[in-house]
Amino acid sequence: MSALSILAAGMVTAVGLDAPSSCAALRARLDGFCETRFAGPGGDWLIGAPVPLPRNWLGEKRLAHLAAGAIAELFEAVPGAAGQAALILCLPEEERPGRPLRDAAGLAARIGGIVGIPPRTRTQIVAHGRPSGLVALRQAGRMLAEGAADHVVVAGVDSYLTAPAIAHYQGKRRLLTAENANGFLPGEAAAAVLCGRTGAGLRLAGLGLAREKAFLYNGLDADGLDLPLRGDGMTEAYAQALGAAGVGLAQIDYRIADLIGEQYWFRQTALAALRLERGRSEFQDLWSPAESLGNVGAAVVPLMIGIALCAARKGYAGGDPVLIEASSDDGACGAAVFRAGAG
């Protein structure tokens, strides 16, 4: 595992326009849920978690301002990284229905223009939805190890609050409504973390990436039957991350997961824990930002890392180390173990 430390975090969410206010609201279990401009079943307004921006920007312009706010917060915390850090931008899957952008490179350029990132900045795009930030961590570790950059910004931005997305997920009965308890609330957010080789914050101790065969919409097996969910993908991601960190799941003090609300994701997480945990007797807490923010897609991994960083620095973390997990509708699974302190 390459040396990688998390030095700072930035957030723009439905409960706060910076990391301190967002984390304080999340800790207090406040939420950003309200009626949206989209109609739900029966004509009622759909509940979601929009970000209260000062202007009603739409589309890619809205995403750009969300992401720029989170990245600018990093550079305020570590001014020496401004103009020098490489950028890895985490975005929704290219094939996702209702994807809120068309041109990823154009979005990155627009973000750079707002924040003042030089055009020559090394920029990469990771478009894997919710687990994108974990893939980006691996890429950031390589860039730092190879000396390609002294700092790397891992930023994620996403929104499910678009008319095509609402229509698609409502048609699939995946949105949480009065008629459907097994669904998620659409949200939007941006979050960013600043990675360096060393520094006081969180140190990446282990990382795992895998794929679940029994993913949502997975179809049928060779016998024409639905593939049973056994949590193989998340179990493998956990095992890789824990092995690299040199700990067992019983030594993890708490977890943060992108449990967006549907039963599938809770079952996956529970199965991975049941298959790997041995010898633990005390309570292991499980945090999920979706309880306050809904489904924020590709922003969720930088968001969860930022939550863990704030909790460690303010002294209210569930312990040390922490495991962070994320997965996507197409079966991509990832997990990372972080330890507090200087890297």
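Before the points, some ground rules. Residues are numbered from 1 along each chain as its sequence is written, and side-chain values use heavy atoms, with hydrogens and water left out. As this is a predicted model, local features need pLDDT of at least 70 and side-chain atom pairs count only at pLDDT 80 or more, while totals for chains, interfaces and linings use all residues.

1. Start with the greasy part. In soluble globular proteins, nonpolar side chains tend to be buried together. Here the largest nonpolar core has 54 residues. (A nonpolar core is a set of buried Ala, Val, Leu, Ile, Met, Phe, Trp, Tyr and Cys residues joined through side-chain atoms within 4.5 Å; buried means under 20% relative accessible area, exposed over 50%, and partly exposed in between, with a 1.4 Å probe and protein chains only.) Helix α9, residues 300-314, supplies the largest share of this core, 10 residues. A second, separate core has 33 residues, including Leu7, Ala64, Phe75 and Ala155. Helices (H or I, at least four residues) and strands (E, at least two) are DSSP runs, numbered from the N terminus.

2. Leaving aside residues up to four places away in sequence, leucine 137 touches Leu4, Ile6, Cys195, Leu204, Leu207, Ile305, Ala336 and Phe338. (Contact means heavy atoms within 4.5 Å.)

3. Next, glutamate 212, in the loop between β8 (200-211) and α6 (232-245). Glutamate 212 is buried but has no salt bridge, and the nearest side chain of opposite charge, arginine 275, is 6.6 Å away. (Lys and Arg count as positive and Asp and Glu as negative; His and the chain ends are not counted.) What does the side chain of glutamate 212 reach? The backbone nitrogen of glycine 233, at 2.9 Å. Not counting residues up to four places away in sequence, the neighbours that glutamate 212 touches include Leu229, Asp232, Met234, Tyr264, Gln268 and Cys333.

4. On to the charged pairs. The structure holds 12 salt bridges. (A salt bridge is a side-chain nitrogen of Lys or Arg within 4 Å of a carboxyl oxygen of Asp or Glu.) One of them joins arginine 174 and glutamate 262, at 2.7 Å from N to O. Arginine 174 sits in the loop between α5 (163-171) and β7, and glutamate 262 in the loop between β9 (254-257) and α7 (263-276), so the pair ties together parts 88 residues apart in sequence. Arginine 174 counts as buried because its relative accessibility is 4%, and glutamate 262 is buried too, with a relative accessible area of 6%. Salt bridges with shared partners join Arg130, Arg174, Asp258, Glu262 and Asp329 into one network.

5. Arginine 197 and aspartate 150 also meet in a salt bridge, at 2.9 Å from N to O. This pair links distant parts of the chain, 47 residues apart: arginine 197 is in the loop between β7 (188-196) and β8, and aspartate 150 in the loop between α4 (132-145) and β6 (151-159). Arginine 197 is partly exposed, with a relative accessible area of 29%.

6. On the backbone side, phi of arginine 29 is near 60 degrees, a positive value in a residue other than glycine.

7. Two further backbone spots deserve a look. Arginine 173, in the loop between α5 and β7, has phi near 55 degrees, again a positive value in a non-glycine residue. A cis peptide bond joins aspartate 320 and proline 321, with omega about 10 degrees; proline 321 is in the loop between α9 and β11 (322-327).

8. For cysteine 333, the nearest is that of cysteine 90, 17 Å away. Cysteine 333 is buried, at 3% relative accessible area.

Note on methods. Lys and Arg count as positive and Asp and Glu as negative; His and the chain ends are not counted. A polar contact is a pair of N or O atoms within 3.5 Å; within protein, one must be able to donate a hydrogen and the other to accept it, and residues adjacent in sequence count only if both atoms are side-chain atoms. A disulfide is a pair of cysteine sulfur atoms within 2.5 Å.
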